Amino acid sequence: MITGIGVSAGIAIGRAYLLKKQETALTGLTITDEAAIATEIEKFDKAVELSLIEVNILIDSYHEANGSEGLEILEAHIELLSDPQIKEDVAEKIFAEKKNVNDAVIEVIADAVTMFKNMEDEYMRARAADVEDIGNRILKNLSPTGKAPAHTYPPDTIIIADDLSPSDTISMDTTCIIGFATRAGGKTSHAAIIAKSRGITAVVGCGNLLTEVKNNDLLILDGQSGAIMVNPDEQTIITYQAKREECQAHNLLLKSLKDKPAITTDGIAVKLLANIANADDMEQAHDLGAEGSGLLRTELLFMGRDAFPSEDEQFEFYKAVALKAKGKPVIVRTLDIGGDKPLPYFNLPAEQNPFLGYRAIRICLDRTDIFITQLKAILRASAFGKLKIMFPMIANVQEIRAAKIVLNEAIEDLHKAGISFDKTIEIGIMIEIPSAAITADLLAKEVDFFSIGTNDLCQYTLAVDRMNEKIKDLYDPYNPGVLRLISYVIDQAHKNNIEVGMCGELASDANATLLLLGMGLREFSMSATSIPTIKNTINNNAMGFANQIYERVMAMDNSTTISAYLKEVNK
Ligand code: PEP
Ligand code: MG
């Protein structure tokens, strides 16, 4: 078994086909006379022209159904091919260094590839493949024989390659190629992105072990886990055939739901959002049909490092998320550290009851230097998308007012500095402490929205440490006390005309979906992979049924009965 990075879910079972890389070699020939120099430049122009025609043909024949990513990549290739800098650099090598056009192109492209590969940003590093791709295309079109011979593959072929160019992946014939595995590559390489959007099972970054695969070996490719089984036994094949069917059925369901709205059979629309930690998550969330993010946990940016991130670093991070959200809303939660999320470089003293201690908004209101830095970074990023700000762990009205004073200071600073931001940015709070839930009527007057954090609300209401394995059975969101609080918060939000969503784990519990709809919840935020399942529940039920479930549950006196009932009605 070989393990790489699974980048495109699905199981492929087929035969290996080893794809050799097109070799490019320097000839070392020099050009001396003037006329020959002009001919070399002409050859280059012709090869670029041919390359542009080829890419335009690929664009014209591109299928919308394959997703927009492939098209965007091809358009980027047109831009690269038209880049005057490349022509200038090639001409310079021919004129000044007397290189022939083949060698000039190889060297210019190699320099550009190195430049991209050395970039900090992982995404930009992966763009080296595009430069290499157009370089190879130009080189192919420089040679007198022109076109590379078109391959034909037997059915159920799995391509094994050192690396694949974006063009290779875009023009891959999926009637016979069912998957590919590459020695190089990462999650954000174009080959991976296109494989995902075209539904080709793919594993990249397999390393040198992949070179041991021989032509015609029987392979099982698991695009989820990244495992590749070479010449597996009969039993493994049978197991994976069953897994493949399951995957296909699930993918079909996901596909059919992605662009459909979440709406009950009697027409009540529901917003399904994703809980995210960074810009990559936002991207995955789109693929799963999220309408934005109901919770960006910013503390993850502060963890796993040895110092606080600067305002600029935070700004870039939030901006990347805002851009990836493509105009959809993102609720940015301010720092929620302490409790179960310590920061090694912040030296918080150990506490007897960390969940009841110095954490989240309490730290921010004490260390306003940390808080204002984050608020300014979020505000600056709000110029690039629809961001909202949310304060965690709010227990009372004074905390909201104090947080808003710091926010106003941040706004004032940006004003003075002439930095743009969204002046209508909405402000909300997490409802995750019982006192906040019980006084939701008071808190609603202070903010634009609530988001119910059932993870903490449950632990504080029931006095059950959410991290303690020993008492995990006592951690029970179906407890009538928890449910009454949730229901009250939703009612109060409606009465006060503010938005209310839920971003705790209960939002992704399919057994609770109809109950929550019956309570009046219309905005659910969860890990993106749960969205299709929850959407499926919403789209197959009517509000009348949800209301009935709500009435019945609220009349029950214990969670064992409630849980059994919800399981039964959701069967
Ligand atoms: C919650 O408490 O429900 C919540 C969403 O926040 P976290 O899990 O990050 O504490
Ligand atoms: Mg919480």
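Around ligand 1 stand 14 residues, of which Arg297, Arg333, Gly453, Asn455 and Arg466 come nearest, a residue being near if one of its heavy atoms lies within 4 Å. This is a predicted model, in which local features need pLDDT of at least 70 and side-chain atom pairs count only at pLDDT 80 or more, while totals for chains, interfaces and linings use all residues. Residues are numbered from 1 along each chain as its sequence is written, ligands are numbered from 1 in the order in which they are written, and side-chain values use heavy atoms, with hydrogens and water left out.

**Exercise 1.** Find which polar atoms lie by the oxygen atoms of ligand 1.

*Solution.* Begin with Arg297, which places a polar side-chain atom 2.9 Å from an oxygen atom of ligand 1. Turn next to Arg466, where the corresponding distance from a polar side-chain atom to a ligand oxygen is 2.8 Å. Finally, a polar backbone atom of Asp456 is 3.1 Å from an oxygen atom of the ligand. Taken alone, ligand 1 exposes 290 Å², and the protein buries 99% of that (accessible areas by the Shrake-Rupley method with a 1.4 Å probe).

**Exercise 2.** Describe the shell around ligand 1 by class.

*Solution.* Sorting by class gives 3 nonpolar, 4 polar and 7 charged residues, with Gly counted among the polar ones.

**Exercise 3.** Trace the order of the 8 strands in the open sheet.

*Solution.* The strands follow the order β1-β8-β7-β3-β4-β5-β6-β2, with mixed pairing, where two strands pair if DSSP finds at least two bridges between them. At the edges are β1 (2-3) and β2 (5-8), each of which pairs on one side only. β2 joins β6 (residues 201-204) in the antiparallel sense over 3 bridges, and Ser8 stands opposite Ala202 in β6.

Key:
A polar contact is a pair of N or O atoms within 3.5 Å; within protein, one must be able to donate a hydrogen and the other to accept it, and residues adjacent in sequence count only if both atoms are side-chain atoms. Helices (H or I, at least four residues) and strands (E, at least two) are DSSP runs, numbered from the N terminus.
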